[in-house]
Amino acid sequence: QVQLVESGGGLVQPGGSLRLSCAASGFTFSLHPMSWYRQAPGKARELVAGVSSSGGSTNYADSVRGRFTISRDNAKNTVALQMNSLKPEDTAVYYCKAELRGYWGQGTQVTVSS
């Protein structure tokens, strides 16, 4: 059974940090490029960051480049998103995705507010 389980979301003040984690099971994690997406209320889901299957290559949306860092651990079947200098406009539900087969997690809420 394929599972992607996100964790680490919550409420944080502007300028704060959060670390999201996604635990994968039920498929060959190390073969999949992995991505984090987010969806804010009333907006389309958007790509935030991606990492290659080996972890050697990453890409970021312009809006988060320099503030967010994506990483993966193929030994633990996890992918993480370190989010620093958070802004209110980062408020959204964050999802991880296994790109080859299009597997999605259930999402974790991130709220940036004072």
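Predicted model: local features only at pLDDT ≥ 70, side-chain atom pairs only at ≥ 80, totals over all residues.
The model contains an open sheet built from four strands, which pair in an antiparallel manner and follow the order 1-3-8-7. Strand 1 (3-7) and strand 7 (68-73) form the edges, each pairing on one side only. On average, and with direction ignored, neighbouring strands of this sheet are turned by 15° against each other.

Strand 3 (residues 18-25) and strand 8 (residues 78-83) run antiparallel and are joined by six bridges. Within this pairing, leucine 18 has methionine 83 of strand 8 as its bridge partner.

## Leucine 81

Strand 8 also holds leucine 81. Because its relative accessibility is 0% and buried means under 20%, leucine 81 counts as buried.

Leaving aside residues up to four places away in sequence, leucine 81 touches Leu18, Arg19, Leu20, Trp36, Val48, Ala49, Phe68, Thr69, Ile70 and Tyr94. One of these contacts, phenylalanine 68, lies 13 residues from leucine 81 in sequence. In space, the C-alpha atoms of leucine 81 and phenylalanine 68 are 6.7 Å apart.

## The largest nonpolar core

The largest nonpolar core has 29 residues. Those that touch the most other members are Trp36, Val79, Leu81, Met83 and Tyr94.

Several strands each supply at least two residues of this core: strand 3, strand 4 (34-39), strand 5 (46-51), strand 7, strand 8, strand 9 (92-98) and strand 11 (108-112). Among them, strand 3, strand 8 and strand 7 also belong to the sheet with the order 1-3-8-7.

Terms used
Residues numbered from 1 in each chain as written. Heavy atoms only, no water. Pairing = 2+ DSSP bridges. Axes fitted to C-alpha atoms, helices over the stretch in contact; angles between N-to-C directions. Buried < 20%, exposed > 50% of the residue type's maximum accessible area, 1.4 Å probe, protein only. Contact = heavy atoms within 4.5 Å. Core = buried A, V, L, I, M, F, W, Y, C linked by side-chain atoms within 4.5 Å.
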